Amino acid sequence: MPPHEIKLPYTDILYSVDNLVATITINRPKTLNSFNQHTIYEMEHAFKTAEADKKVGVIVITGVGERAFSSGGDVNWEREGGTEKEHYELSRMIIDSGKPVIARVNGYAIGGANHLAYFCDITIAAEHAIMGQNGPRVGSPAGGYMVSHAANVIGHKRAREMWLLCRRYTAKQMYEWGLVNAVVPMDQLDAEVRKWADEMLSLSPTCLKVIKASMRHHMDHVMKLEMLDLVAKVAPNYFRTGEQNEGASAFLEKRKANFDPYR
């Protein structure tokens, strides 16, 4: 159901507010905190709640446990056609938000979770975190501003490497690339996130809002290009060729995908 129809309590996420910091936590540990459409709707609902709450100054996004921030889109959901109908406004919400948003990366941040993390204003990662994209590996056609924003963060060559090769990177590598702001041992992650949040909470909230609006100004033209619009323009029959199904099925069956028929 769309965000405005979500009913509490949440089933896929946890939401809490502590001393001006709202935390949205993906709570699907059995699938490494992967998300499906319902999870996305709940996260968007929680984000809107935090955005509207005057007692919230900073928003944190994370996942439960120590294994994964999130493994990205649930491949079972994608194989069933979830990506073709995908509604995903959270990245745009983060960019448009007047409040600072921190990604607390507590493990794997793959695919949709990786670009969710780099859309956040600040990314704090545990030392064991592993990051990277997954779309071309499983036939999931990410596109539009969620892809192009990577070049704004780390430059075109690194962004193209990340998206075109689907490699895995350590938190330390991502720190060196500029995708991560700080890397700490897992047992220090919460304290580090709180430290950064408290520093921003000590500053003028209106000035921070203006700064965030200034940072997104150069993205205004590309944010009009949605993923599904781009796929429809570049590859109008993509979801009917079987290519996506091959990628998702290969992943679930733990085999190498055969994309040769689609070249």
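The legends below describe close-up views of a predicted model.

Residues are numbered from 1 along each chain as its sequence is written. In this predicted model, local features need pLDDT of at least 70 and side-chain atom pairs count only at pLDDT 80 or more, while totals for chains, interfaces and linings use all residues, and side-chain values use heavy atoms, with hydrogens and water left out.

**View 1. Strand 7 (residues 122–126) is largely enclosed by the rest of the structure, because 5 of its 5 residues are buried.** Strands (E, at least two residues) and helices (H or I, at least four) are DSSP runs, numbered from the N terminus. Buried means under 20% relative accessible area, exposed means over 50%, and partly exposed lies in between (1.4 Å probe, protein chains only). Ile122, Ile124 and Ala126 point one way from strand 7. Thr123 and Ala125 point the other way. Both sets are buried.

**View 2. Strand 7 pairs with strand 5 (residues 101–105) and with strand 10 (residues 182–184).** Two strands pair if DSSP finds at least two bridges between them. Strand 5 and strand 7 run in the parallel sense, over 4 bridges. Here alanine 103 stands opposite threonine 123 of strand 7. The pairing of strand 7 and strand 10 is also parallel, over 3 bridges. Alanine 126 has valine 184 of strand 10 as its bridge partner.

**View 3. Tyr118, Phe119 and Tyr145 form one aromatic cluster.** Rings of Phe, Tyr and Trp (its six-membered ring) pair if their centres lie within 6.5 Å; planes under 30 degrees apart count as stacked, over 60 as edge-to-face and the rest as tilted. The whole structure holds 3 aromatic pairs. In one of them, the rings of tyrosine 118 and phenylalanine 119 have centres 5.7 Å apart and planes at 20°, so this pair is stacked. Both tyrosine 118 and phenylalanine 119 are buried. The rings of phenylalanine 119 and tyrosine 145 have centres 5.9 Å apart and planes at 75°, so this pair is edge-to-face. That pair links distant parts of the chain: phenylalanine 119 lies in helix 4 and tyrosine 145 in helix 6, 26 residues apart. Phenylalanine 119 has a relative accessible area of 2%. Tyrosine 145 is buried too, at 2% relative accessibility.

**View 4. Helix 6 (residues 145–154) has a set of buried residues.** They are Tyr145, Met146, His149, Ala150, Ala151 and Ile154. An α-helix has 3.6 residues a turn, so residues three or four places apart point the same way. The cover over the buried residues of helix 6 includes helix 3 (90–96), helix 4 (112–119), helix 7 (156–165) and helix 8 (171–177); contact means heavy atoms within 4.5 Å. Glycine 155 follows helix 6. Its phi is positive, near 90°.

**View 5. Leucine 20 and cysteine 166 have positive phi values, though neither is glycine.** Leucine 20 has phi near 75°. It sits in the loop between strand 1 and strand 2 (21–26). Leucine 20 is partly exposed, with a relative accessible area of 38%. For cysteine 166, phi is near 60°. Cysteine 166 lies in the loop between helix 7 and strand 9 (169–170). At 3% relative accessibility, cysteine 166 counts as buried.

**View 6. A cis peptide bond joins leucine 8 to proline 9.** Omega of this bond is near 5°. Proline 9 belongs to the segment before strand 1 (13–18).
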